[in-house]
Amino acid sequence: MVLDKDTAKKTAELLLQINAIKLKPENPFSWASGWKSPIYCDNRIILSYPIIRNYVREELAKHLERMYGKPDCVAGVATGAIGIGALVADYLGLPFIYVRPEPKSHGRQNQIEGVLEQNQTVVVIEDLISTGNSSLNAVNALKDAGAKVKGMLAIFSYGFDIAEENFKKHHLELHTLGDYEHLIEHASDIDYINEAQLNTLMEWRRNPSEWKK
């Protein structure tokens, strides 16, 4: 669920501006999952642009504090959200931790890096939501470690139905700065894409797992 329409539109504008989101309906990308996709999102690029980085940091921090107050710490999901999560925590003057996809196979075998005490409240920062599985894996690791997870904020979501279902099953609030619907609307409004490309992007969104199989 996007935080508000103006933020979603501004986020779309900025992500397209720096090519953090690329739209290639004629030459689809291959995702690690095996899906073919006319869109690719890499929000780590944001970190290389100070003005945009600061905008994203401050929007996430502002909404986090408005919705949840100040938690005991902020958690980033590795690896994509480590950078922006740390910036949000720094802006709010809060401790920061991050969560790996799985425990390390050596050393202390940590899955959570940083100091997390039992019963501490945590808000999780993500860069991108697709199905939500990897994000919720991080949430489960935090809960297993004794944290009280208050919610999650992300930069961008594809808005898949499966993600909405997954978050509902886990009884976890998700809020995003931007999403696919507002991105495509903005790209069309500024003639970043033509009508044929728009139709392709909308077709993919209806059934992404089967598109171009």
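Tutor: Ala, Val, Leu, Ile, Met, Phe, Trp, Tyr, Cys and Pro count as nonpolar, Asp, Glu, Lys and Arg as charged, and the others, Gly among them, as polar. The model discussed here is predicted.

Student: Which element gives the largest share of the lining of the second largest pocket?

Tutor: This pocket holds about 390 Å³, and 19 residues line it, with Met 1, Ser 157, Gly 159, Phe 160 and Glu 164 the closest to its centre. Two or more lining residues come from each of H5, strand S10 (174-179), helix H6 (180-189) and helix H7 (195-206). The largest share is four residues, from H5.

Student: Asp 161 is found in H5. Is Asp 161 buried or exposed?

Tutor: Helix H5 covers residues 161-169. Exposed means over 50% relative accessible area. Asp 161 is at 51%, so it counts as exposed.

Student: What distance separates the C-alpha atoms of Asp 161 and Thr 131?

Tutor: Along the chain, the two residues are 30 apart.

Student: Which element gives the largest share of the lining of the largest pocket?

Tutor: The largest pocket has about 710 Å³ of space. Among its 27 lining residues, Ala 32, Asp 127, Leu 128, Ser 130 and Ser 134 are the closest to the centre. Strand S4 (39-41), strand S8 (121-129) and helix H4 (133-144) each give two or more. The largest share, five residues, is from H4.

Student: What volume does the largest cavity have?

Tutor: One cavity of 30 Å³ or more is present. Its lining is Asn 43, Arg 44, Leu 47, Gly 80, Ile 84, Asp 127 and Ile 155. By class, that is three nonpolar, two polar and two charged. The volume is about 30 Å³.

Student: Is the aromatic pair of Trp 31 and Trp 35 stacked or edge-to-face?

Tutor: There are 11 aromatic pairs. In this one, the centres lie 5.7 Å apart and the planes make 20°. Angles under 30 degrees count as stacked, so the Trp 31 and Trp 35 pair is stacked.

Student: What angle lies between the planes of Phe 156 and Tyr 158?

Tutor: Their centres are 5.7 Å apart, and the pair is edge-to-face. The angle is 85°.

Student: Is Tyr 158 buried or exposed?

Tutor: Buried means under 20% relative accessible area. Tyr 158 has 3%, so it is buried.

Technical notes. Residues numbered from 1 in each chain as written. Predicted model: local features only at pLDDT ≥ 70, side-chain atom pairs only at ≥ 80, totals over all residues. Heavy atoms only, no water. Phe/Tyr/Trp six-rings, centres within 6.5 Å; stacked < 30°, edge-to-face > 60°. Buried < 20%, exposed > 50% of the residue type's maximum accessible area, 1.4 Å probe, protein only. 1 Å grid on protein atoms, 1.4 Å probe; cavity = no way out; pocket = protein on both sides within 12 Å on 5 of 7 lines; lining within 4 Å. Points joined across faces, edges and corners; volume = space filled by probe spheres on them.
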